[in-house]
Amino acid sequence: MRAFGERRWAGVGGSSDLDSRRAALAAATAALAGDDPRLLLVFGSARYDPEAVLAGVGEVAGGVPLIGCSSTRVVGGHDLVVVALGGPGLSAVTAAAPHAAADRRAAGSAVAACAVDPGDRPHHVLIMLTDGVTPGQEEILAGAYAMVGASVPMVGGAASPDAYAGRTFQLHGDQVLTDGVVGALLSSDGPLGIGLRHGWRKVGEPMIVTKSSGGDVHTLDDRPALTAYLDRLGAPAAAYEDPAAFETFAQVRPIGIRRRSGEEVRGVSSPGMFGSGGLRSSGEVPEGGLVWPMEGDERSVLDSAADACRDAVAALEGVPPLALLTFDCESRGRLLGDEGVRAELARMTGEVPGVPVGGPYTWGEICRTRGINGFHNQTLVVLAVG
């Protein structure tokens, strides 16, 4: 699908061809809407051969700035999707940093360096893609913030592995990385709108994190964190006794963290913590902070998809959107299932009829419009390109 503005255009193409090169060639061909592409974003299953994917894209768009990553699934009903943005009213600069785990802050700073001098266009956003297997995602974002401060908003997500392939990858130009960070500064003559929603509801009063370390939460309100969390949510007895039952219960019951810049959602799990009564989060849970157990269902998640798109489009202040770039949490996709994922896409496209929509399902979402952090779980981030 393609959309055209006065000086900008956008297109999204997808393919489920089992051959990596053919899938990428078909998706890129469908996405290219004009003769002046400025940025390509490529997302696909880690079962695809990333080198062959880049070769397929290169057949029709060699030399165009490109970033991308692996994804458990993609928004749009295919196994691989290409988002193309172009026209004289857009420009893009990309950057990459390998071996992020060795120095996460340095990796974030290196990629954000492409946004230090955004140029004369009035609207900018830094799109960042990380490796979801790399721990300490907030450190990457802290490094990016140290480089650009609050001057440039950030959106993006963490690459998710395929369940069978068991790997992730990031793409930059003609390079394939693992444990990497890639990014693109998108600059536009037209507005850029951001929407952020999750669909989870707070349960009860806030709880104080009385002991934590990074993403490991040991006590809430001076009680074992796992017990306090389960008690608040009225969990069944099996969730207290069986780690597998706990994981099933917690999958759709994250915790919300109060931040100065707003609320962030964290998924919780129990590997390595169940016996000690603690909770493990995929992101930092600051000691002394306030958290809420949360819950939701398929309806609330679907409603949040429409709300995020609506918010992103509203931020364009009347300028028609050319495309929506989405970063949706993989756990939301698991909750919805195949039929629900199709329903979610219908809710998104229903907000913007005829406008192309595409993006990855991620292992953590990036959205910082104010404040320092901006790392989320079980959340949907939408970038509207006007």
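The lining of the largest pocket draws at least two residues from each of α4 (137–148), α7 (243–250), β20 (268–269), β21 (279–281) and α9. Helices here (H or I, at least four residues) and strands (E, at least two) are DSSP runs, numbered from the N terminus. The model is a predicted one, in which local features need pLDDT of at least 70 and side-chain atom pairs count only at pLDDT 80 or more, while totals for chains, interfaces and linings use all residues. Residues are numbered from 1 along each chain as its sequence is written, and side-chain values use heavy atoms, with hydrogens and water left out.

In all, 27 residues line the largest pocket, and Gly267, Ser269, Ser282, Trp363 and Asn377 lie nearest its centre. A pocket is an open set of points on a 1 Å grid over the protein atoms alone, where a 1.4 Å probe fits, with protein on both sides within 12 Å along at least five of seven lines; lining residues have an atom within 4 Å of a point. The largest share of this lining, 3 residues, comes from α9. By class, the lining has 7 nonpolar, 15 polar and 5 charged residues, where Ala, Val, Leu, Ile, Met, Phe, Trp, Tyr, Cys and Pro count as nonpolar, Asp, Glu, Lys and Arg as charged, and the others, Gly among them, as polar. The volume of the largest pocket is about 580 Å³, taken as the space filled by probe spheres set on grid points joined across faces, edges and corners.

Helix α9 also gives the most to the lining of the second largest pocket, with 5 residues. This pocket holds about 500 Å³ of space. Its 20 lining residues include Arg47, Thr72, Arg73, Asp79 and Asp338, which lie nearest the centre, and the lining divides into 7 nonpolar, 6 polar and 7 charged residues.

Turning to helix packing, α9 (residues 330–351) lies against α8 (residues 298–314) at an angle of about 35°, with the axes 9 Å apart. Axes are lines fitted to C-alpha atoms over the stretch in contact, and angles run from 0 to 180 degrees between N-to-C directions. Among the residues that meet are Val301, Leu302 and Ala305 in α8 and Leu335, Leu336 and Ala343 in α9, contact meaning heavy atoms within 4.5 Å. This contact has 9 nonpolar, 2 polar and 7 charged residues.

Finally, Thr130 is found in strand β8 (residues 123–131). Thr130 is buried, with a relative accessible area of 0% (buried means under 20%, with a 1.4 Å probe and protein chains only). Leaving aside neighbours within four places in sequence, the contacts of Thr130 include Gln137, Ile140, Gln170 and Ile366.

Notes:
Buried < 20%, exposed > 50% of the residue type's maximum accessible area, 1.4 Å probe, protein only.
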